[in-house]
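User: I would like to learn how to read the main features of a structure. Please take them one at a time, with the general idea before the case.

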Amino acid sequence: MATRDEEAAKDAFNRRDSEASVLAHATGTKQEEDTLAQEAHTKAASFMKPFVFGGLDGIITTFAVVAGASGGRFDIDVILALGLSSLFADALSMGVGDALSSKSEMEAALKEREREEWEFENYRAGEINEMVEIYMEKGLSEEDAESVISTLAKYKDVFIDFMVQDELGLSVPDEDENPWKEGLVTFTAFIVFGFIPLMGYALLLPLNLDVDVLFVIAIVLTAITLFMLGVLKSFFVKRSWIMAGLETLTLGGKQSVEQADNCCCCCWVLL
């Protein structure tokens, strides 16, 4: 296990503080609770892609449905019915699709690893020569490449993992990786964030507000949610929360407007 303080090392890099970086790498034995916290942070970061992907797609998709229905002058109960049905159907599709695609990638990587392992066992010298050539292409001299690869070749599993990554560009999945967890994160994020544009219609239904007023509320809630999604992302990428929030708001807002225009056009044509 690495002995450096990961969080301190990241902070030193962000501040470009070389002295702090030295101290972070020379920390020595870490406290157990610090290690567990860092491992938890790393696991959480691994779900950032499906979280942002699902959340952003949920917001944009639902807002587009709401905009189209509102532009078509549908009743509020119809807007809710369209929005909720689209929300759950799309969330399920996204979640299952994400899980199946990740599962396929993992299976492909494991299959290629199995092949590389067979080749290593049956033609060790050939595999070693391939890796030497790959590392020479990366810029190492022939002597250094042979030294590095001959050392790696002493450790079969390590060598094969490097082979799969460097030769094929595939990442060998960890034993505890579960694609259905990613699918669940995508599904949950889609549902939670995708419900935001509908929140005004659902919670303010007893007030009998005009459709235009509710649509303005939906726009405001969508904008705030897009910004907050970017802020949440900034905690994992160590980026300015303001810039991350504005980036997500700008790009997500642009896509929301484009999708809303498409939905409105469809509604007007149908009507």
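The dialogue below goes from the overall fold to helices, salt bridges, surface and backbone angles.

User: What kind of model is this, and how are residues numbered?

Analyst: This is a predicted model, in which local features need pLDDT of at least 70 and side-chain atom pairs count only at pLDDT 80 or more, while totals for chains, interfaces and linings use all residues. Residues are numbered from 1 along each chain as its sequence is written, and side-chain values use heavy atoms, with hydrogens and water left out.

User: How many helices and strands does the secondary structure of the protein chain have?

Analyst: Helices (H or I, at least four residues) and strands (E, at least two) are DSSP runs, numbered from the N terminus. Here the protein chain has twelve helices and zero strands.

User: What share of the residues of the protein chain counts as buried?

Analyst: Buried means under 20% relative accessible area, exposed means over 50%, and partly exposed lies in between, with a 1.4 Å probe and protein chains only. Of the 271 residues in the protein chain, 34% are buried.

User: How many salt bridges does a search of the whole structure find?

Analyst: A salt bridge is a side-chain nitrogen of Lys or Arg within 4 Å of a carboxyl oxygen of Asp or Glu. The search finds ten. In one of them, Glu117 pairs with Arg113, with the closest N and O atoms 3.6 Å apart. Both residues lie in helix H5, four residues apart, about one turn of the helix. Arg113 is buried at 14% relative accessible area, whereas Glu117 is partly exposed at 24%.

User: Where do Arg115 and Glu119 lie?

Analyst: Arg115 and Glu119 are also both in helix H5, four residues apart, about one turn of the helix. Their side chains meet in a salt bridge at 2.8 Å, N to O. Arg115 is partly exposed, with a relative accessible area of 33%.

User: Which salt bridge links distant parts of the chain?

Analyst: The side chains of Lys233 and Glu247 meet in a salt bridge at 3.3 Å, N to O. This pair links distant parts of the chain, with Lys233 in helix H11 (residues 211–237) and Glu247 in helix H12 (residues 241–270), 14 residues apart. Salt bridges that share partners also join Arg113, Glu117, Glu121, Lys156, Asp157 and Asp161 into one network.

User: Which residues form a nonpolar patch on the surface?

Analyst: Patches are made of residues with over 30% relative accessible area and no salt bridge; like charges are joined within 9 Å, and nonpolar side chains (Val, Leu, Ile, Met, Phe, Trp, Tyr) within 5 Å. Accessible areas come from the Shrake-Rupley method with a 1.4 Å probe, and for residues only the protein chains shown count as cover. The patch consists of Leu92, Val96, Leu100 and Trp180, with about 370 Å² of accessible area together. Its largest share, three residues, comes from helix H5 (residues 76–122).

User: Which residue has a positive phi although it is not a glycine?

Analyst: Most residues other than glycine have a negative phi. Asn208 has a positive phi of about 55°. Asn208 lies in the loop between helix H10 (196–203) and H11, and is exposed, at 68% relative accessible area. Arg73, which follows H4, also has a positive phi, near 60°.
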